[in-house]
Amino acid sequence: MKKVLQTFTLLLITTYVFGQDKTITGTITDKTSGAPMPGVNISVKGTSAGTQSDGNGQYRLNVPASGQSIVFSFVGYKTLEFPVPSSNTLDVGLEEDVNALDEVIVTVGRGSQRTIIDNPVPVDNFNAKDLNTTGQFTFDKALQYRVPSFNTVNTPVNDATTLLDPYEIRNLGPSRTLILINGKRKNLSSLLYVQFAPGRGETGADLSGIPTDAIKRVEILRDGASAQYGSDAIAGVMNVILKDKYEYSTLNVTSGVTSKGDGGTYGLSFNSGSNFGKNGFINYTVGVNQTNNAVRSGIIDVPTEIATFGDPSAPLTDPSNAPIVAYLQRFPTANNINGTGETSAAKFTINMGIPISENTQFYSNAAFVAKKVISNANFRTPYWRIDHGLLHRPLPGAPDYTTGAGATGSPIQNEYLADKAAGVYQGYIGYMPTFEGDLKDYNATFGVKNDNNGWITDASITFGGNQQLYTVNNTVNRGLRKASPTSFKPGGFNFSHIVGNLDISKALSDKVNVAFGSEARSETFEIIAGDTASYVKEGSNSFPGIRQENARTNSRFNFGAYLDVSYDITENFLIAGAVRAEKYSDFGEAFVWKLSSRLKLLEDRIVLRGSISTGFRAPTLHQIYAQSTQASFAGGNIVLSGLFNNGSKEAFLLGIPKLTAEKSDNITLGLGFNPTSNLSVSVDYYNITIRDRIVYSSSITSSSTTSTLGQILAAGNLASVQFFINGIKTRTQGVDVVASYKGLNVGTGRLGLNVAGNFTLSNEILGTPNEPAAIAADGSSILNAQIKSLLVEGRPLYKVIGGLDYSIGHWNIVLNGTLFGTTRFQDLDNGGAVMNNIKQVFSPAVVTDLNIGYEFSKHISASFTINNLFNVLPSWKLELTGNTTDANYAAAKATLENAADRSLLEGFLSFSGRYRILGYNGSQFSQLGTMFMGQLSFKF
């Protein structure tokens, strides 16, 4: 008995000494700088115990008796693991991992999740620092200076486009890149882009509304992925991954201005959150920002202005020209205020995960953006628009600049003459309409993810929407004459969707992974009519309203299912395949597939990869149902002109078929070269063919009264028609090159070098457009030279981004140069028939950006960015194009060889110089020149 008691006592003592929980404390620092590191994740391996370091890098961890080792991890640093020490103290220094992003598990794609190196298709990965050091104020513009294949730019002509600048990957338009938020489909904008600029006739998600401070990283899959994700993923997929685990709270104060002192930007953003339970978290971002307008009005070219509004055959002193000359002497810019609009925005984003059980998590993310923009229309000079004294800005002592208005003897002309005789126009200098847009964009996802014996099930529902409402002020409806108001509500648009997803995946073995799932989606598009005064008669000048008969609400539903299988034949050789079927309630069915493979050689130093796939893009509800027409009085009849949808009687009479899905064939071949852990190079070739590509047609008219087209137009009282049609087949080929060298020791600091480029080998329309019979027989075409040019050469022929990132002590310096290649536009609206053989060509240019950051303490840091360091502006010239046998070739050549005619034509392309820097169509980069941006950050 005595021995039993002794044994039991010894067991109790042993259990107390060696088996009880233990408390470990310590400090975590950066191994290079020695600075304390807050927010480091510390966990006891094999248990649920864990904590994070505080703002001073200190931690306190309760280690269970069963704990054997402690793991320290932080994004961008090497993960370390230590055995539980015998003492109660453990200090750790973490070393930066130069290859951290290469080893991040890529979430874009289905089935087995792999690192960038292991993936059979090319994926770009950018973290928050990569975006912030661009010094750009919005997410879309940050991507412009980080992703060579991504292009976007402020358009020269504003109004509704101030709410959304079109963007695209691989020159394929915004509709062919799928945007995801945490792997779930983001809603489209409600705006259908109709300006004569790249992206015409399309829509996309509002990237500018996503707050950069809420982003953890961005993955861009540069390959067709319709078999995995469905419609829109022809050019690629962009997955925006929000911040999740809470590390610390951040308050960012931002301000900037252009070198001309305008375009001021001001921003305030707060990111915070909390961690709870095992793997539970909430992370949210609140931000407000303001951007003032930047004015880049040009000096008016007098000869072009006279050719437009006066009599070019008469002397300058002629009554038809003298008021123009006098006005421009006093106002050289014709009082125009163009450049970029004014934007105010408030943004809120939240991301959370709540553990329900050991293997189940509820997750959710949501965002709301409210935005208001104000932009200016072209100033209505008195020799352009008089509008009968309804709106006038008198200038004491100024002469009468008016030259008459309306047809002789008409009521409008008589009213004008009576007002003029009464002295109404003495000192009248015109007026400038303003456009105001109010936007609300939201998205929210709720889901449950479960891991049961290796079967991972993810069920979710996503809501999203975008509404835009417009206001036009300081203008008139000329047709209403003195009964016209001066403020109008021209209507707007609304788009919303509800998406349900069920995704199931399982690693059947260490070689075979399978994933399958389904998606059900409901979409609704609403066209909101304007007030009556905005569209009757001539409509509100500068932005006519949406007619009541064009207002409508349309919806559709689609259901899709996919299967994805990957097989690691060996450790180095992978093959994967996917199939997907979709059913749409409006246009029918789609079936697509994808095969991909990857081979690693020489211990992963060389990676060969490739894929071949088919894809599709469903026509957006905007393209199917949008209708924007304007009535006018001609020949004793009310005639209509504008965009008619494919369900209209006008489209039926012209033989315009209903829209169907675009179909694509994608081929990607790539080579990755990783000779060392610091150096990586990849080259990827892509070939994308799109059949039945949807285009927004030219304006169709006919001067014939006997042709079928002429008779159809006459019978329908139509002056001109435009429509959407599955009109062309295109092929886009190019090469993406990415190279980087990280972790190069220079002095006591570290240097990273990188270069990436996108080179378009060809972007062409194959064959002839699908012309409706009546249009073809009349000699017209759905695609004139101007629209063809926008499609195939309206974005840079190549774009290369090179830079360095140097860190030393508390300093960080990032220097980037972006080379924008040649961009061409062909403008038929300004310049006449000779423009069929003349193009506006923008020269290659390099934009240099410098970002300098300094960490004052663990709580305070600052950065200063100079964008476009050398104030490089877009530069263009006119070039002869086409063949000597073309009908207008000789006249075009003669025009360019005559200095006066050439100058006149340049004036036409820039509205007499109002848009001297860009012209009407845009360019490959911003016209604002040098910009300064400063940011002060507080961490706590």
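Guide: First, the term. A cavity is a set of points on a 1 Å grid over the protein atoms alone where a 1.4 Å probe fits but cannot get out. Grid points are joined across faces, edges and corners, and a volume is the space filled by probe spheres set on the points. This is a predicted model: local features need pLDDT of at least 70, side-chain atom pairs count only at pLDDT 80 or more, and totals for chains, interfaces and linings use all residues. Residues are numbered from 1 along each chain as its sequence is written, and side-chain values use heavy atoms, leaving out hydrogens and water.

Visitor: OK. What volume does the largest cavity have?

Guide: About 750 Å³. The whole structure has 13 cavities of 30 Å³ or more.

Visitor: Switching to sheets. What is the order of the open three-stranded one?

Guide: β4-β1-β7, with mixed pairing. Strands are DSSP runs (E, at least two residues), as are helices (H or I, at least four), numbered from the N terminus. Two strands pair if DSSP finds at least two bridges between them.

Visitor: Which strands stand at the edges?

Guide: β4 (58-63) and β7 (92-94). Each has a single partner strand, so one side of each is left without a neighbour in the sheet.

Visitor: How many bridges link β1 and β4?

Guide: Six, in the antiparallel sense. Thr27 stands opposite Gln58 in β4.

Visitor: Now helix α14. Which residues are buried there?

Guide: Tyr889, Ala892, Thr895 and Leu896. Buried means under 20% relative accessible area, exposed over 50%, and partly exposed in between (1.4 Å probe, protein chains only).

Visitor: Where do they sit around the axis?

Guide: On the same side of α14, because they cover an arc of only 125 degrees. That arc is taken from the directions from the helix axis to the C-beta atoms. Ala890 and Glu897, on the other side of α14, are exposed.

Visitor: Last one: is Asn453 buried or exposed?

Guide: Asn453 is exposed, at 66% relative accessible area. Its phi is near 55 degrees, a positive value in a residue other than glycine.

Definitions and conventions: 1 Å grid on protein atoms, 1.4 Å probe; cavity = no way out; pocket = protein on both sides within 12 Å on 5 of 7 lines; lining within 4 Å.
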